Amino acid sequence: MKYNRILAIGGHVGDMELTCGGILATCAAAGGHIATLALTAGEKGVPAGQTAEQYRTQKLKEAKAFADLLGGESYVLDYPDGFLPDNEEARLAVCDIIRKEKPDLIVTHHEKSMHKDHAACHRIAVDAWFYAALPAIERELPHHFAPLRFAENWEDATDFKPFEYLEVSQEGFELWQKAVRTHWFVTGSVSFPYFEYYSHLKRLRGIEARRAYAETFMRLPEEVRLVSAL
C-alpha cells in the first residue's frame with residue numbers, strides 16, 4: 001500500500017466506510033493510519049422504532065467501532081443530516097482536521113450526486129483541501145497538503161468514470177467486511193443491499209484491474225491527462 005495515512009471525508013457516517021473502506025482497511029492492515037470524517041451522522045435514515053436522536057447516538061458508536069477495528073480515528077461533525085450547510089465554517093472545520101491528521105491521501109465524494117449532502121460535502125472538502133495546504137491561511141495547526149481523490153458511490157453515479165484503480169488486499173477486504181458490518185444500515189436496510197453491492201463492486205473492479213479486489217477513484221479534472229515522451 002503506497003499510502004500510509006488516509007483521511008476519508010463523507011457526508012454521512014457510513015459513506016466512506018462503504019465506498020473506500022477497502023483501501024482504508026488495506027492501509028490499516030499494512031500498518032498505516034486511517035481516519036474517517038463524517039460531516040453529518042446520517043441520522044435521518046432512522047430504523048423503525050427509534051428517534052432520529054437515538055439513531056444519531058448509534059451512528060456515532062458505529063463510526064467509532066469501524067475506525068477502532070482498523071486502529072484509526074473517527075470524527076463526526078454536529079451538522080444535521082439533510083441540512084449540511086455549504087459555508088466557510090464547515091470548510092474551516094474540515095481544514096483543521098486535515099491539518100491534524102496529516103494524511104498522504106484524502107478521499108471524498110464525487111461532485112455529482114442524487115444526495116444534496118454528498119454534493120455539498122464534495123464542495124466543502126475540495127475547498128478545505130485547498131485551505132489546508134495554504135500557509136497563509138493561519139489556523140491552530142500548520143498547513144498540510146495531500147493528493148485528493150473521489151470515491152465511487154451508487155448515489156454519486158452521474159458522470160462518474162473510473163480513472164484510478166487502487167488494489168484492496170485480501171487481508172484488507174476481509175477486515176473491511178468485518179468492520180463495515182458494525183453499521184446497522186449496511187446489513188439491516190431493506191431499501192438497498194449495501195453489503196452485497198459493495199462487496200461485489202470491489203470484486204468487479206479487482207477483475208478489471210487484474211487483481212482480486214480494487215476500488216476506483218476519479219481525480220480533479222486538471223489531473224486527468226496523459227503525458228508521453230516523444
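**Cavities**

I started inside, with the second largest cavity, which has a volume of about 50 Å³. The model is predicted, so I read every value as computed from that prediction. I looked up the lining of this cavity and got 14 residues. V13, E17, T36, L37 and A38 lie nearest its centre. β1, α1, β2 and β3 each supply at least two residues of this lining. By class I noted 7 nonpolar, 5 polar and 2 charged residues around the second largest cavity.

How many cavities of 30 Å³ or more does a search of the whole structure find? It finds 2. The largest cavity holds about 60 Å³ of space. I listed its lining as T19, E152, Y198, L201, K202, R205, A214, E215 and T216. α8 has the largest share, with 4 residues. The lining of the largest cavity divides into 3 nonpolar, 2 polar and 4 charged residues.

**Pockets**

Next I went to the open spaces. The largest pocket has a volume of about 420 Å³. I found 25 residues lining this pocket, with G42, G45, E155, F185 and Y194 nearest its centre. Which helices each supply at least two residues of the lining? They are α1 (15–19), α3 (52–69), α7 (184–188) and α8 (194–208). α1 gives the most, with 3 residues. By class, the lining of the largest pocket has 10 nonpolar, 10 polar and 5 charged residues.

The second largest pocket contains about 200 Å³ of space. I read its lining as H110, E111, H122, F150, K161, P162, F163, M218, R219, L220, P221 and V224. That lining has 7 nonpolar, 2 polar and 3 charged residues.

**The sheet**

I then traced the strands. An open sheet of 7 strands runs in the order β3-β2-β1-β4-β5-β7-β6, and the pairing is mixed. Its edge strands are β3 (73–79) and β6 (164–167), each pairing on one side only. Neighbouring strands are turned by 30 degrees against each other on average, direction ignored.

I took the parallel pairs next. β1 and β2 run parallel, joined by 7 bridges. I9 has L37 in β2 as its bridge partner. L37 also came up among the residues nearest the centre of the second largest cavity. β2 and β3 are parallel too, over 5 bridges. There A35 stands opposite E73 in β3.

For an antiparallel case I looked at β5 (residues 148–151) and β7 (residues 214–218), which pair over 2 bridges. F150 stands opposite M218 in β7. Both F150 and M218 are listed in the lining of the second largest pocket.

**Cover on the sheet**

How many residues of β2 are buried? I got 8 of 8, so β2 is largely enclosed by the rest of the structure. Helix α4 (residues 88–101) lies across β1 (5–12), β2 (33–40), β3 and β4 (105–109). I noted its angle to β3 as about 170 degrees.

Helix α2 (residues 21–29) is mostly covered, with 8 of its 9 residues buried. The buried ones are G21, G22, I23, L24, A25, T26, C27 and A28. Just after α2, G31 takes a positive phi of about 95 degrees.

I finished with the backbone. D159 has a positive phi of about 65 degrees although it is not a glycine. I placed D159 in the loop between β5 and β6. Is D159 buried or partly exposed? It is partly exposed, with a relative accessible area of 42%.

R210 is also not a glycine, and its phi is positive at about 60 degrees. R210 sits in the loop between α8 and β7. Is R210 buried or exposed? Its relative accessible area is 69%, so I logged R210 as exposed. The cut-off for exposed is over 50%.

Key:
Residues are numbered from 1 along each chain as its sequence is written. This is a predicted model: local features need pLDDT of at least 70, side-chain atom pairs count only at pLDDT 80 or more; totals for chains, interfaces and linings use all residues. Side-chain values use heavy atoms; hydrogens and water are left out. On a 1 Å grid over the protein atoms alone, a cavity is a set of points where a 1.4 Å probe fits but cannot get out, and a pocket is an open set with protein on both sides within 12 Å along at least five of seven lines; lining residues have an atom within 4 Å of a point. Grid points are joined across faces, edges and corners, and a volume is the space filled by probe spheres set on the points. Ala, Val, Leu, Ile, Met, Phe, Trp, Tyr, Cys and Pro count as nonpolar, Asp, Glu, Lys and Arg as charged, and the others, Gly among them, as polar. Two strands pair if DSSP finds at least two bridges between them. Axes are lines fitted to C-alpha atoms, for helices over the stretch in contact, and angles run from 0 to 180 degrees between N-to-C directions. Contact means heavy atoms within 4.5 Å. Buried means under 20% relative accessible area, exposed over 50%, partly exposed in between (1.4 Å probe, protein chains only).
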